[in-house]
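I set out to record what I looked up in this structure, entry by entry.

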Amino acid sequence: MTFIPIAAPVIGERELAYVTDAVRSGWVSSIGPYIERFEQGFADYLGVSHAIAVSNGTVALHLALHALGIGAGDEVLVPDLTFVATVHAVLQTGATPVFVDVESDTWCIDPVAVERALTPRTRAIIPVHLYGHPADMSALLSIAEKHNLIVLEDAAEAHGAEVCGKRVGSLGRVSAFSFYGNKIITTGEGGMVTTNDAALAERLRFLKDHGMSAQRRYYHSELAFNYRMTNLQAALGLAQLEQIEEFIARKREIFTGYAEILKNVPGLQLNPERPDVKSVYWLISMVLGPECKLARQDLAQALREHEIDSRPFFIPMHQLPHLNQYRVVGREDESCPQSERLSAQGLSLPSGCVLDDATVRYVAETVRQLVTK
């Protein structure tokens, strides 16, 4: 069997046709019809009023924070278990990240720890819908309303996930998505900021395009950014968006395939899914308990010998050398025990929609044999 990667995009004839059309049109930079079509299509899919295409998911976060006026002197609460881009975007505004522990049963930011982390300087919360499972948005929005805080959803890994029938990216004041090559839909690199706030949307569009006046060309009134998406990327993204429900359905089928084989393995916990949410299982992941015969790193090495790729969970933010100066808030004390446990014991398996059922069975059976023999 050839090497099985952790993820690979589904690129077919529709993508080729749209990108070819964009190339032939001559509109290959940041102006062109596919940008508007992709933005409108994504807004309609989420049920929001505005979607602003940008060059990647990290700048989507930074642009949203900057447009909201987050800066020096402000604190922003972020989960300790996330990809580092969430924190870097906060730091790029001059604000201070505060690392908050995650829940053991969702792997997302813990509302109880969020309450403990609040100070008079707190301005915003960034819940990350980790590995495709939504954070507890009901509790977080309630906290935000009580304390007059901004909620910025980091939905980079959760396109199409739902909370009580509403799609993530439509729940907070503003949201950020990534379309990196391993995401559920891709533009190669790319991102999107979504909001129902018309004034904020106008501000986001202004800032992403060098702060240039819409009325007077080449008139720039403040320091801004070049965070634009190209028409070529948007063409690819639109083709992907038109198939997103098929991709999500396949993700859920792949998870079911893994779960059927691994459900009774002692000490093995697969991705959670609370009853009120719909996970999109961006990465099919598992946490290894002490009953498993192999430790996480040993299992990863053994899988590699069977031509199977895997990925460890993210390293907790407070354990990264350039970030360990910032405040850490756990559920019970000033540490993040759940983030540390999940990071040390978590492993993600091949999850791309290109996987067929036979490959899923092969990977799952290999995992089962390795951790039980």
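**Entry 1: the nonpolar cores.** I looked up the largest nonpolar core and found that it has 65 residues. A nonpolar core is here a set of buried Ala, Val, Leu, Ile, Met, Phe, Trp, Tyr and Cys residues joined through side-chain atoms within 4.5 Å; buried means under 20% relative accessible area, exposed over 50%, and partly exposed in between, with a 1.4 Å probe and protein chains only. Phe 38, Phe 42 and Ile 185 have the most contacts inside this core. I then noted which elements each supply at least two of its residues: α1 (13-25), α2 (33-46), β1 (50-54), β3, α5 (111-117), α6 (137-147), α8 (231-241) and α9 (244-262). Helix α2 gives the largest share, seven residues. Helices (H or I, at least four residues) and strands (E, at least two) are DSSP runs, numbered from the N terminus.

Leaving aside its neighbours within four places in sequence, Phe 38 is in contact (heavy atoms within 4.5 Å) with Phe 179, Ile 185, Thr 187, Met 192, Met 229, Ala 234, Gly 237, Leu 238 and Leu 241. Another core, of 40 residues, lies apart from the largest one and has Ile 52, Val 59, Ala 201 and Leu 207 among its members.

**Entry 2: the basis of the values.** I record that the model is predicted, that local features need pLDDT of at least 70 and side-chain atom pairs count only at pLDDT 80 or more, while totals for chains, interfaces and linings use all residues. Residues are numbered from 1 along each chain as its sequence is written, and side-chain values use heavy atoms, with hydrogens and water left out.

**Entry 3: strand β3.** Why is strand β3 (residues 96-100) largely enclosed by the rest of the structure? I found that four of its five residues are buried, so the strand is largely enclosed. On pairing (two strands pair if DSSP finds at least two bridges between them), I noted that β2 (residues 75-79) runs parallel to β3 and is joined to it by five bridges. Between them, the chain passes through helix α4 (residues 85-92), and this β-α-β crossover is right-handed, meaning that, with the strands pointing away from the viewer, the path from the first strand over the helix to the second runs clockwise.

**Entry 4: Ile 125.** This residue lies in strand β4 (residues 122-125). Is Ile 125 buried or exposed? Its relative accessibility is 0%, so Ile 125 counts as buried. I noted that Ile 125 and Val 78 are 47 residues apart in sequence, yet 6.3 Å apart in space, C-alpha to C-alpha. Beyond its neighbours within four places in sequence, the contacts of Ile 125 include Leu 77, Ile 109, Val 114 and Leu 152.

**Entry 5: Ser 310.** I located Ser 310 in the loop between α10 (296-305) and β13 (311-312). Ser 310 is buried, with a relative accessible area of 11%. Setting aside neighbours within four places in sequence, Ser 310 is in contact with Ile 6, Ala 300, Leu 303, Leu 347 and Ser 348.

**Entry 6: the whole chain.** The protein chain has 12 helices and 15 strands. Of its 373 residues, 57% count as buried. Its C-alpha trace spans about 70 × 55 × 35 Å along the principal axes.
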